[in-house]
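Please consider the sequence and the structure displayed here together. The paragraphs that follow lead through them step by step.

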Amino acid sequence: MKTTVAADPRVSSARVERVRQLARHSTKRTCAICERTLLLGERAIRFAPNGDEFVDVCPLCQETALEHGWVKEGSPTTPTVPNQRRRRRGLASLFDPRPRPAADPVVAEPILRRLSEPELQMVEAADIFNASDYRRTVGGIAKSLGEPRASIVPLSGVSGALVVTVAWDISWYQYRVLPDSAQPVRLAERGHEVTDLDPSFKRWNAHVEDDGRLVPEIQRV
């Protein structure tokens, strides 16, 4: 005679809970600011950019979200006022005697006057990048992954755009810098394997300091 043994409901509940946990972990999550894929088990902070729908923000970018006036989940809904951002207009601004807000220039003015046109473009791209929120993002990632390699490469054409590439062994980010644009810096591409980068972007002609500040490698004397 065949005997049927009833399943322990506690065991079934434990299995269901494990399945639910796996389902949650298998969902791909990305940071709404730096667009980095969040690692398994990495804690994300929830923010509402428009005060209604919440998005994930990685711990490295939460200060950036607050500066933009995003509302943190569970906090009062009173909006904050974002800091003003610097706006640059062309290479002539490198010699502008008016005081500059935000980050210090990467090259002093006496040296600027001895640089070539391509070198001036690199300096301006670095200054614009350093005045953006991406500097803080890169600095935060560098605290975990170490010092990256970096390059500043002008794109062909008349747009005046340059590409800033920041690369570690396991990930890389590319930023498009367009000085005269309403959005002078934006994240253009990102990936994991440095071998995927075009060789032209792997001419490592810049370095990144501990705080994420981008500095071009140019002759200063």
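**Aromatic cluster, sheet and helix**

Ring pairs link F129, Y134 and Y175 into a cluster. This is a predicted model, in which local features need pLDDT of at least 70 and side-chain atom pairs count only at pLDDT 80 or more, whereas totals for chains, interfaces and linings use all residues. Residues are numbered from 1 along each chain as its sequence is written, and side-chain values use heavy atoms, with hydrogens and water left out.

The structure holds three aromatic pairs. Rings of Phe, Tyr and Trp (its six-membered ring) pair if their centres lie within 6.5 Å; planes under 30 degrees apart count as stacked, over 60 as edge-to-face and the rest as tilted. For Y134 and Y175 the ring centres are 4.8 Å apart and the planes stand at 50 degrees, so this pair is tilted. The pair links distant parts of the chain, with Y134 in helix α5 (residues 134-145) and Y175 in strand β6, 41 residues apart. Helices (H or I, at least four residues) and strands (E, at least two) are DSSP runs, numbered from the N terminus. Y134 has a relative accessible area of 16% and is therefore buried, and Y175, at 2%, also counts as buried. Here buried means under 20% relative accessible area, exposed over 50%, and partly exposed in between (1.4 Å probe, protein chains only).

W168 and Y173 form an edge-to-face pair, with 6.3 Å from centre to centre and 85 degrees between the planes. W168 is buried at 3% relative accessibility, and Y173 is buried at 4%.

The next element to consider is the sheet. Six strands form an open sheet in the order β7-β6-β5-β4-β8-β9, with antiparallel pairing; two strands pair if DSSP finds at least two bridges between them. Strands β7 (185-191) and β9 stand at the edges, each with a single partner strand, so one side of each is left without a neighbour in the sheet. From one strand to the next, the twist averages 25 degrees.

Within this order, β4 and β5 run antiparallel and are joined by six bridges, with I152 opposite V164 in β5. β4 also pairs with β8 in the antiparallel sense, over two bridges, and R149 has H207 in β8 as its bridge partner. H207 in turn stands opposite V215 in β9. Strand β8 (residues 206-208) and β9 pair in the antiparallel sense over three bridges.

Strand β9 (residues 214-216) contains L214. With a relative accessible area of 0%, L214 is buried. The C-alpha atoms of L214 and G139 are separated by 9.7 Å, although these residues are 75 residues apart along the chain.

Which strands does helix α4 lie across? Helix α4 (residues 117-130) lies across β4 (149-154), β5 (162-167), β6 (172-177), β7 and β9, and runs at about 175 degrees to β9. Contact means heavy atoms within 4.5 Å; axes are lines fitted to C-alpha atoms, for helices over the stretch in contact, and angles run from 0 to 180 degrees between N-to-C directions. The 14 residues of α4 reach 20 Å from the first C-alpha to the last, close to the 20 Å expected at 1.5 Å a residue, where the expected span is 1.5 Å times one less than the number of residues. α4 is mostly covered, with 10 of its 14 residues buried. Among these buried residues are L120, V123, I128 and F129; F129 belongs to the cluster that ring pairs form with Y134 and Y175.
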